[in-house]
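Here is a short report for a reader new to this structure.

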Amino acid sequence: MANDERRITLGNKIKSLRVEQGLSQRKFALMIDTYQAHIWQIETGQISPTVDLLCRIADGLDVPVKDLIDF
């Protein structure tokens with residue numbers, strides 16, 4: 001699997017869990033201390049989150065990090 005595909009897969013998983021929990025990008029970004037644009041870039045696979053941000057995302061979604069990375 002190419003890096004682009006991994007970023008897209010990760011972003012789709014994050015978005016799916018966020019939407020499932022009824023969280024807007026803006027509200028979620030505020031919860032995890034980042035910007036809405038940053039969440040959008042991650043969810044669309046444009047950028048990869050840092051390990052620290054990935055941990056905050058997992059905490060905000062109340063899932064283990066390993067559940068976000070299923071590739």
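## Salt bridges and a helix pair

Asp 4 has a relative accessible area of 46%, so it is partly exposed (buried means under 20% relative accessible area, exposed over 50%, partly exposed in between, with a 1.4 Å probe and protein chains only). This is a predicted model: local features need pLDDT of at least 70, side-chain atom pairs count only at pLDDT 80 or more, and totals for chains, interfaces and linings use all residues. Residues are numbered from 1 along each chain as its sequence is written, and side-chain values use heavy atoms, with hydrogens and water left out.

Asp 4 has a partner. Arg 7 forms a salt bridge with Asp 4 (a side-chain nitrogen of Lys or Arg within 4 Å of a carboxyl oxygen of Asp or Glu). Both residues lie in helix 1, three residues apart, about one turn of the helix. Helices here are DSSP runs (H or I, at least four residues), numbered from the N terminus. Arg 7 is partly exposed too, because its relative accessible area is 22%.

How many salt bridges does the structure hold? It holds two. Side chains of opposite charge can pair when their charged atoms come close.

| Salt bridge | Closest N and O atoms |
|---|---|
| Arg 7 with Asp 4 | 2.5 Å |
| Glu 43 with Arg 18 | 2.6 Å |

Glu 43 forms its salt bridge with Arg 18. This pair links distant parts of the chain: Glu 43 sits in helix 3 (residues 36–43) and Arg 18 in helix 1, 25 residues apart. Both Glu 43 and Arg 18 are buried.

Helix 1 also meets helix 4. The axes of helix 1 (residues 3–20) and helix 4 (residues 51–61) come within 10 Å and cross at roughly 30°. Axes are lines fitted to C-alpha atoms over the stretch in contact, and angles run from 0 to 180 degrees between N-to-C directions. The two helices are therefore roughly parallel to each other (angles under 35 degrees count as such).

Which residues meet? In helix 1 they are Leu 10, Ile 14, Leu 17 and Arg 18; in helix 4, Leu 54, Ile 57 and Leu 61. Contact means heavy atoms within 4.5 Å. By class, this contact has six nonpolar, no polar and one charged residues (Leu and Ile are among those that count as nonpolar, Arg among the charged).

Finally, the loop. Ser 24 lies between helix 1 and helix 2 (25–31). Ser 24 counts as partly exposed because its relative accessibility is 37%. The C-alpha atoms of Ser 24 and Gly 45 are separated by 18 Å, and the two residues are 21 residues apart along the chain.

Technical notes: Parallel < 35°, antiparallel > 145°, perpendicular 65-115°, else oblique.
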